[in-house]
Amino acid sequence: MSAQILDGKAIAAELRDSIRQEVDNQVSQGNARPGLAVILVGEDPASQVYVRNKKIACEKAGFNDVSEVLPADTSEEDVLALIDKLNADETVHGIIVQLPAPDHIDPEKIIERIDPKKDVDGFHPYNVGRLATRMPTMAPCTPHGVMTMLAKTGIPIRGLDAVVVGASNIVGVPQLLELLNERATVTVCHSATKNLAEKVGQADLVVVGVGIPEMVKGDWIKPGAIVIDVGINRMDDGRLVGDVEYDVAKERASWITPVPGGVGPMTIATLLENTMKAAYRK
């Protein structure tokens, strides 16, 4: 039996609709519209697409979009000065700097300069620390979006054996924390992991985000497991594929995310959710 599909587009659309309703309600009471500033330095094509998609999502959610596109040779000092300006702007509730940035800009310095209350990407060490201590405020968007999707399965996370493949600060580590907070038993696998196929094969829930096309083979998946594929890779023939061998995995899993149309839309929807929370927290 084929797996049920976790349709990220549909779930994200539901979340965006609820955000729009809340924003309209808040504005009708005299409160401000959420303002989101996306800073893009340079002309990276993939980043341009992401920023354009975020701009469209802001408009649909009723947000004020105050994005800034800077030349690739913009100095690190000028980017930091812009962040300081946005930190002080009360009409701006969320700030993100689209990564990767040009080589002369230190991403850690950029992330730490953003006011944690406006860090709607959830990457600031303060926000990651709060997630680690079970006091989350701004949770990283992709892992939290995954948790929203998992809730749609109706399957309790508590007690599941989960394997996260990939240990990045953007996905793997915060996904570990999110799952731990829901009382799953979590193993994180990475490039030094031995017997990866065996570990994946024991998991009730598999989350993969490594950026390697179809690295996790479909026949590794335990029958009935939930499979969340965070990866998206463009092949030489133009196809978009995930980090999991989808066609085989879907015949073994109980639930699976497609690529595209799975986790990707949830990341942007969760970014909007974080921005709305930042705007109306007080």
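Predicted model: local features only at pLDDT ≥ 70, side-chain atom pairs only at ≥ 80, totals over all residues.
Residues are numbered from 1 along each chain as its sequence is written, and side-chain values use heavy atoms, with hydrogens and water left out.

The protein contains ten helices and twelve strands, assigned as DSSP runs (H or I, at least four residues, for helices; E, at least two, for strands). Its radius of gyration, 19 Å, is close to the 19 Å given by the globule rule for 282 residues, so the protein is as compact as a globular protein of that length; the radius is taken over C-alpha atoms, and the rule is 2.2 Å times the number of residues to the power 0.38. Along the principal axes, the C-alpha atoms fill a box of roughly 50 × 45 × 40 Å. Of the contacts (heavy atoms within 4.5 Å) between residues at least 6 apart in sequence, 72% join residues at least 24 apart.

Of the 282 residues, 46% count as buried, that is, under 20% relative accessible area with a 1.4 Å probe and protein chains only. The protein exposes about 13600 Å², of which carbon and sulfur atoms supply 51%, as computed by the Shrake-Rupley method with a 1.4 Å probe.

The structure holds zero disulfides, a disulfide being a pair of cysteine sulfur atoms within 2.5 Å. For Cys58, the nearest cysteine sulfur is that of Cys141, 12 Å away. Cys58 counts as buried at 0% relative accessibility, and Cys189 likewise counts as buried, at 1%.

Methods:
Buried < 20%, exposed > 50% of the residue type's maximum accessible area, 1.4 Å probe, protein only.
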